[in-house]
Amino acid sequence: MIDDMKLKEVISNVLGVSIDIINDNSSPDNIDKWDSLSHLNLVMAIEAEFDVELTPEDSMDMLSVKLIRMILSDALNN
Amino acid sequence: MDEFNLGDSYSDKFIVTEDVVNKFADFSSDFNPIHIDQNFAKSRGYSRQVSHGVIQLSYLSKMIGMDFPGPGSIWMNQTVNWLLPVFVEDTIKIVLTIKGRSSSAKILTLSVEIFNEDNKKVMQGEAQVKITKNLSSQLNNEINELKDLNLLQDSKEYLPNKSNSTQRVALITGASRGIGEAIARKLSSNGFRVVINYRNDANSAKKIVDSIISSGGDAIALQADITISSDILIMSKKIFSKWGRCDVVIHSASPPIKLIKTEQVKYEDISLYLNTHLKGAVLLVENFSKSMIQNKFGRFIFLGSAALYGAPPQGMAAYVTAKEALWGYTKAIATDMAHYGITANMVSPSLTITDLTSEIPARVKEVEAMKSPVRRLVTAEDTAYHVAHLCADYSGYLNGINLPITSSPV
């Protein structure tokens, strides 16, 4: 299981947005600060925080919070 | 052209009134007094005014253009030999007889004879008339049918199949679930009688039939394994004996998609899909195209895949290879059968959530949705809507396309 609160905190810190507005549907579509540069920072922060190694494909597929959780749990289970 | 035979003839009578002669003089400025002045005519030895000979040709023009051969005819050549005068107020009878016909040139040679009231021949000649072909006949018929029903005014109520007095029949393979089911329901709501083909799941097929019938439609469920020639033959016989026709065939049956690494793909993996997609399509065309040719109308629609556009997704070599083969066959039908009124098209949705794709991981589906410009996966209903469009009578010019239902440029 992924610590949902921990994930939201990482996203909130990296993107500089309030934790309250982050939900499953959060994505670059609705968070202006989630651009291609901050996305790389986000991926690196997730790797560090959850102690996991992600592939370039994983990074490209992390198109929403819901997807981040799915990909992260795949990576943690392998 | 076939309706005109050697020896066929047509005649009509006209009265060359004084009014006609005067109008012709006005129109042509031919005021030669022999045509319009009775005393002058008498002074030259005629009892009454002699009508303009060309008036006879005007009536002849009317007959050729309006009656025989009729609208669309082009009068190419005419010889004229006037034998006796036609007087004002005479009744003349013009007789046309087919003396020659060339099917290849679509030209009729007509003998033209004109008789007066005493049955004496006043004119003898020969006409050549070209029968023109309606280059957009199907479209015009469709537009007229739509106009009859006022459907062009109200696109919301546009039920394409209702434009035809004969209720069209559509066969949908693999219709017991997924996209096939959605297509069957959509076509039924558009007025088609639908055949729900299934291989195993008689229960689901029956439920769909019941639900269609309870909402006022007409449907039957028929079991057939699309890869078995005799199954399709028997199914086609059942459809023809029940409804006497099958205007639309939609091939959506497919084995579930299995992801296999390309280096591990065996020919058997490919032939599993080839059998259903390609062999099934060939058997369907074999059994249903003859009746479509007779009816001068048919629609073949094959389900393709968005994997055909650009680089295919990993692990789908077997599936993509078979669908690509089917696309080649689709193009051949589109090219070779369109002149019979039969169109063939492929419809290629991107990843749709159905039983077919149950083995594809949820994460892949989620990524696919987020990569779509509209941020969602295509639904079976999205695809059904566009398939129904291709099935319509008005879609005769949409042929040989692979329609992407992908929400993005391909």
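Me: Which exposed residues sit on the face of H1(B) turned away from its buried side?

Reply: A heads-up: this is a predicted model, where local features need pLDDT of at least 70, side-chain atom pairs count only at pLDDT 80 or more, and totals for chains, interfaces and linings use all residues. Residues are numbered from 1 along each chain as its sequence is written, chains are lettered from A and ligands numbered from 1 in the order in which they are written, and side-chain values use heavy atoms, leaving out hydrogens and water. Helices (H or I, at least four residues) and strands (E, at least two) are DSSP runs numbered from the N terminus, while buried means under 20% relative accessible area, exposed over 50%, and partly exposed in between (1.4 Å probe, protein chains only). On H1(B), the face pointing away from the buried side carries B:Lys23, B:Asp26 and B:Phe27.

Me: And what arc do the buried residues of H1(B) fall within?

Reply: The buried ones are B:Val21, B:Phe24 and B:Ala25, and their cover includes helix H2 (33–36) and H4 of chain B. The arc is taken from the directions that run from the helix axis to the C-beta atoms. Looking down the axis of H1(B), these residues line one face of the helix, because they fall within an arc of 100°.

Me: At what angle do H1(B) and H4(B) pack?

Reply: H1 spans residues 18–28 of chain B and H4 spans residues 53–67, with axes 11 Å apart. Axes are lines fitted to C-alpha atoms (for helices, over the stretch in contact), and angles run from 0 to 180 degrees between N-to-C directions. The two helices pack at an angle of about 100°. That makes H1(B) roughly perpendicular to H4(B), a label covering 65 to 115 degrees, and the angle is about 100°.

Me: Which residues of H4(B) make the contact with H1(B)?

Reply: Contact means heavy atoms within 4.5 Å. From H1(B), the contact uses B:Val20, B:Val21 and B:Phe24. On the H4(B) side, the partners are B:Val54, B:Ile55 and B:Tyr59.

Me: Which helices of chain A do the buried residues of H11(B) pack against?

Reply: Chain A has four helices and zero strands. In chain B, H11 covers residues 362–371, and its buried residues are B:Arg363, B:Lys365, B:Glu366, B:Val367, B:Ala369 and B:Met370. In chain A, they pack against helix H3 (56–61) and helix H4 (65–77).

Me: How many residues are in the largest nonpolar core?

Reply: A nonpolar core is a set of buried Ala, Val, Leu, Ile, Met, Phe, Trp, Tyr and Cys residues joined through side-chain atoms within 4.5 Å. B:Leu171, B:Val195 and B:Phe300 are among those with the most contacts inside the largest one. Elements giving two or more residues to this core include strand S6 (169–173), helix H9 (267–295) and strand S11 (342–349) of chain B. The core's total is 43 residues.

Me: How far apart in space are B:Arg177 and B:Asp355, C-alpha to C-alpha?

Reply: B:Arg177 lies in the loop between S6 and helix H6 (178–189) of chain B, and B:Arg177 is partly exposed because its relative accessible area is 43%. Not counting residues up to four places away in sequence, B:Arg177 touches B:Ile208 and B:Asp355. B:Arg177 and B:Asp355 are 178 residues apart in sequence, and in space they are separated by 7.7 Å.

Terms used: Parallel < 35°, antiparallel > 145°, perpendicular 65-115°, else oblique.
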